[in-house]
Amino acid sequence: MSTTDTIENTGATHSHGSHGHGSYLTSSKGLLSWAFTLDHKRIGLMYLCSVVLFFIVAGVLALGVRLELMTPAGDTFSPDTYNKMFTLHGAIMIFLFIIPSIPASLGNIVLPLMLGAKDVAFPRLNLASFHIYVIGACFLLYSLLAGGIDTGWTFYTPYSSESGTAVVSALLGAFILGFSSILTGMNFMVTIHKLRAPGMSWTKMPLIMWSMYGTGLMQILATPVLAITLLLLVLERTYGIGIFTPSLGGDPVLFQHFFWFYSHPAVYIMILPAMGVISELITVHSQKNIFGYKAIAYSSLAIAVISFLVWGHHMFVSGQSEIASAVFSFLTFAVAVPTAIKVFSWVATLYRGSIVLNTPMLYTLAFLALFTIGGLTGLFLGTLATDVHLHDTYFVVAHFHYVMMGGTFIAFLGGLHHWWPKFTGKQYNEALGRFCAVMIFLGFNVTFFSQFMLGSQGMPRRYHAYDKVSADLLPTFEMWHRTSSIGSFILGSALFIVLFYLLHSLFRGKPAAKNPWGGKTLEWQTESPPITHNFATDPVCEHGPYDFDVIEGADDHHGQAADKRG
Amino acid sequence: MSSEQPFLHHHFHSAAQQSASAKLGMWFFLAQELLFFGGLFVAYAFVRFMYPETMLAAHEYLDVNMGAINTAILITSSLTMALGVRAAQIGDQRQLRLQLLATILLACAFLVVKYFEYSHKIHVGLLPGRLFAADGIAGKPQIFFALYFTMTGLHALHVIAGIFVLGWIYVRAGRGEFSPAYYTPVENAGLYWHLVDLIWIFLFPLLYLVR
């Protein structure tokens, strides 16, 4: 093992030495030069392709679910197929798309660039994290091919310890994927600690670094608990060890505690990187210094810390003690404080900025609107009395889609468009970009606002057919379900156009400039696409990440920095 | 620059930066390990709380002597590991290899004792969950033995991983890769080994010495 490591390592060093100044995309060729690369940018791109692929798989499953719900009767798919579709939609979206989406794909590419580093702290661990991701994905996909799973992505016991579907491979898949996530988090935290460019103090870091740091903290401290939980559940299924299954002497509520101890921080693992992306986009595309740098930075850490103390709000109707519920409810409200600090600071940043309504900015504005709705409806669910009414209804479904899709996914798209010229060296079709951003915003709201209406009327989630739920409400349910389904098809079509024009730009796109948006962070000082070594000369950080008052262009500035060093 | 320091990777400016990064990464990894076993400790607390009598009755079937021997073995191995790190620090190559070898042998001895314990349990049917086949213990002893095998089994896997890591460090030490200027891998392997030791120090009283 040590020999191959050394060979691989010296091999990489050599290739860096000879090709370090060419574009990272073309510096070496062949499938193996990608599959075993140690370059964070290539690993990030491989992650990007994988997460997009899995988004499409899980998105098509979601369209299947919406197709079924067009009509009240369960006439399109069988109940079993329907259960498997929504389970795999959730599991694939969560474990294979959202968690790695921003950190491991976009973050992997931009984090070292923005810090002025040549790579992440542990390039081999970074590659290992990608390989582990692929192995985990294979396990999860195996359960899709082996007939699917029908437990819901939360794997609640006792059903998950009894269900006859391919639960074990899905559990092992999620277990393995967890380690991929842990390794990424560790790597990013160490990189942020130790590899910042000279002159870049903690408060001169771009704000996305603070988000990534908070994310890393949660990945390290929460994910291992999920790992052990899933392992215990695997043992429960195979040997009946009796920790979670009541008939064997276990406690299913213990499983819920374990599961949400990870999965609530995981929600912030999903949203914090998105918040970081928004801080970058909103400053660059309004050419204005961020409002409240420290408030945003520290609120990222505050969210990471409080995230560990709120898991019980998923369990208000599980039979946990009322005192526990009240405390969890209170702490849940506490999360709203740092979150609101961020939203207010972003809005204040826009005030009197030179706002350019280009594609990334449209996504940023969409994020602000959708995330605010998602966040505020979270308070409805964090309130004990209303939660009892809304629990397990479409209100919950709409809430987390507003946060996860309207928040994280929209920020992912915004970040993708923002950094696309940097990643690929190509400019996409701006008109199509704006058109799709608007269509996605509209389609999203049609899809998911309808679900708030459904949920507030009491429509339960996860139902295959709703023709017998309530005779009085059937016309209302049918109308909103149909609206939601139509919205989802608008959303899906717009997303396919995005995929099309982004791929098209790779072949026909205009070459992108070094710094097409006038950004002040370090990634805009290097070529588009960056050279393998990231920077021709080691960058020095001489001003804050959002100092748009500094008059000279980023390129001249870089020249000066290099002169001073030379 | 890098020709004088063959161990320095291209993306670090200095050996100090590289070593500090590696050590910080290791501490983050150890934090992750603690939370991983932390989940098991919570499961243990739950079972202890739900079935206190069973817990007391079932633990009588564990061999305290063997557990105590293993505790002594692991604590000694932590000492030899620490001496090995010290040897690397002062550049005593012979001592370094010797102490690493001692640590590896002690780790193997731990596993041998574990093997005898496990095979006895398997023989008499003191097994987890549905596999449980012994009689004479009231309550739900299969849950206790599920915890016993899961906790000590995962710990044993960490010991096995430790043997591989230390073996790799031993090979690298044999090639003369370490010097007072560069011994971070030895230190990090040592940190890992101490954690494996530390977890056992909690497992031993929790499982063998319940009162």
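Two residues are in contact here if their C-beta atoms, placed from the backbone, lie within 7 Å. The model is predicted, so local features need pLDDT of at least 70 and side-chain atom pairs pLDDT 80 or more, while totals for chains, interfaces and linings use all residues. Residues are numbered from 1 along each chain as its sequence is written, with chains lettered from A and ligands numbered from 1 in written order.

**View 1. Contacts across chain A.** Among contacts in chain A between residues at least 6 apart in sequence, 83% join residues at least 24 apart. Of the 566 residues, 55% are buried (20 or more other C-beta atoms within 10 Å of their own; exposed means 12 or fewer).

**View 2. Where chain B meets chain A.** Chain B brings 30 residues to this contact and chain A brings 33. On the chain B side, helix H1 (15–50) gives the most, with 16 residues. Helices are DSSP runs of H or I with at least four residues, and strands are runs of E with at least two, numbered from the N terminus.

**View 3. The loop between H5 and H6 of chain A.** Here sits A:Phe155, whose phi is positive, near 50°. A:Phe155 is buried, with 23 other C-beta atoms within 10 Å.

**View 4. The loop between H11 and H12 of chain A.** A:Arg352 lies in this loop and has a positive phi of about 60°. Is A:Arg352 buried or exposed? A:Arg352 is exposed, with 9 other C-beta atoms within 10 Å.
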